[in-house]
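Take a look at the protein chain below.

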Amino acid sequence: MQVTRAFQPLLPLCRRLLPDLPGLPDLSDIPSLPGIPSLPDIQSRLAGLSMALLKATALDIAILAGHLLLYPSGIAQERRTPAALPGPGEADPARLPVQAPPPVVLLHGFIDNRSVFVLLRRNLAQHGRHRVESLNYSPLTCDLRIAAELLGRHIEEICERTGSRQVDVVGHSLGGLIARYYVQRLGGDVRVRTLVTLGTPHSGTRVAPLANAHPIVRQMRPGSKVIEELSRPAPGCRTRFVSFWSDMDHLMDPLETARVDHPDLLAQNVRVTGIGHLALPVHPAVATRIRQALDSSWTHPAADAHTDAHTGAHADDVTVA
């Protein structure tokens, strides 16, 4: 029984990668059963699955080890600096050909801190996103709604300090859910232009750290009051949503819970293949797509799909070797 439970987090992933395998009959009977893949095909799939899982798991372990070293550096809140005004002889912002992009706010996941975004932040800065700030919320926070209110106050302070009317937000895991609650339930769509979520349980997940020991984890369960609130109508919501979900994310059950599926929200779902939960805010391929999502002008998901159909690109898929 304990061994069976240990494999339960992997079941959604196995169902995803082996969709036409309805059960686990005796292998000797497989060739004679209609609709069941042949034994060599099953063995090939399992070998591919094992290798993909091995690579994704090894990468997550390496990232976790590195993150543990960086974790102490991100415990303290980030120092705030006032927006610099142009000095004598410097370019007047009013004469620039394009308006400066809005600030980017980074929001970490459960029992984490801003150090998880070290590489993403560097990547954004190297490509012209110099106004990037992080927010730490306490791991002792017991209500997602309180964290969402804190995020709202933080964003208001950023807008007042920088003179920007809106911000973009990138949230990892629980951070994306907190940001979505602020946008959808607390009127944050006025301030948040684009919300990018990475491995966020938008519909709730049955697999989460510490199970139900922490109140905020219970709020991430399917059917919780918070998840129910986010499923309610949200007519006129002005924020653009871009959700990255991975087919190797062992913390999402089902895997598709990391997608934004809401009829009132302008949402684009990007599937990432080949990496796990911890790699989403770290991997350079994902960082590139995050930059593209933040830099692109939003019209409508259908318009993006139409454009990509002509260019041959796959707008909703990122494959990581």
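Ser134 is buried, with a relative accessible area of 2%. Buried means under 20% relative accessible area, exposed means over 50%, and partly exposed is in between (1.4 Å probe, protein chains only). Ser134 sits in strand S2, residues 132-135. Its side chain makes a polar contact of 3.5 Å with the side chain of Arg121. A polar contact is a pair of N or O atoms within 3.5 Å; within protein, one must be able to donate a hydrogen and the other to accept it, and residues adjacent in sequence count only if both atoms are side-chain atoms.

This is a predicted model, in which local features need pLDDT of at least 70 and side-chain atom pairs count only at pLDDT 80 or more, while totals for chains, interfaces and linings use all residues. Residues are numbered from 1 along each chain as its sequence is written, and side-chain values use heavy atoms, with hydrogens and water left out.

**The whole chain**

The protein chain has 10 helices and 7 strands. Helices (H or I, at least four residues) and strands (E, at least two) are DSSP runs, numbered from the N terminus. The chain has 321 residues, and 45% of them count as buried. Contact means heavy atoms within 4.5 Å. Among contacts with a separation of 6 or more, 80% are between residues 24 or more positions apart.

How many disulfides does a search of the whole structure find? It finds 0. A disulfide is a pair of cysteine sulfur atoms within 2.5 Å. Cys142 is partly exposed, at 45% relative accessibility. Cys237 is buried, at 11%.

**Around Pro139 and His214**

Pro139 lies in the loop between S2 and H5. With a relative accessible area of 40%, Pro139 is partly exposed. Leave aside its neighbours within four places in sequence, and Pro139 is in contact with Ile111 and His214. Pro139 and Asp112 are 27 residues apart in sequence, yet their C-alpha atoms are 7.5 Å apart in space.

His214 belongs to the loop between strand S4 (192-198) and helix H7 (215-218). Is His214 buried or exposed? It counts as buried, at 13% relative accessibility. The His214 side chain reaches the backbone nitrogen of Ile216 at 3.1 Å. Beyond neighbours within four places in sequence, His214 is in contact with Phe110, Pro139, Thr141 and Cys142.

**Two packed helices**

Two packed helices are described by the angle between their axes and the distance between the axes. Helix H5 (residues 144-162) and helix H6 (residues 174-185) pack at about 70°, with axes 8 Å apart. Axes are lines fitted to C-alpha atoms, for helices over the stretch in contact, and angles run from 0 to 180 degrees between N-to-C directions. H5 and H6 are therefore roughly perpendicular to each other. Angles under 35 degrees count as roughly parallel, over 145 as roughly antiparallel, 65 to 115 as roughly perpendicular and the rest as oblique.

Which residues meet here? From H5 come Leu144, Arg145, Ala147, Ala148, Leu151, Gly152, Ile155 and Glu156. From H6 come Leu174, Leu177, Ile178, Ala179, Tyr181 and Tyr182. By class, this contact has 11 nonpolar, 1 polar and 2 charged residues. Ala, Val, Leu, Ile, Met, Phe, Trp, Tyr, Cys and Pro count as nonpolar, Asp, Glu, Lys and Arg as charged, and the others, Gly among them, as polar.

Most residues other than glycine have a negative phi, and most peptide bonds are trans.

The peptide bond from Asp253 to Pro254 is cis, with omega near 0°. Pro254 lies in the loop between strand S5 (240-246) and S6.

**A last stop in S6**

Gln268 is in strand S6, residues 266-273. At 11% relative accessibility, Gln268 counts as buried. Gln268 and Val196 are 72 residues apart in sequence, but 9.5 Å apart in space, C-alpha to C-alpha.
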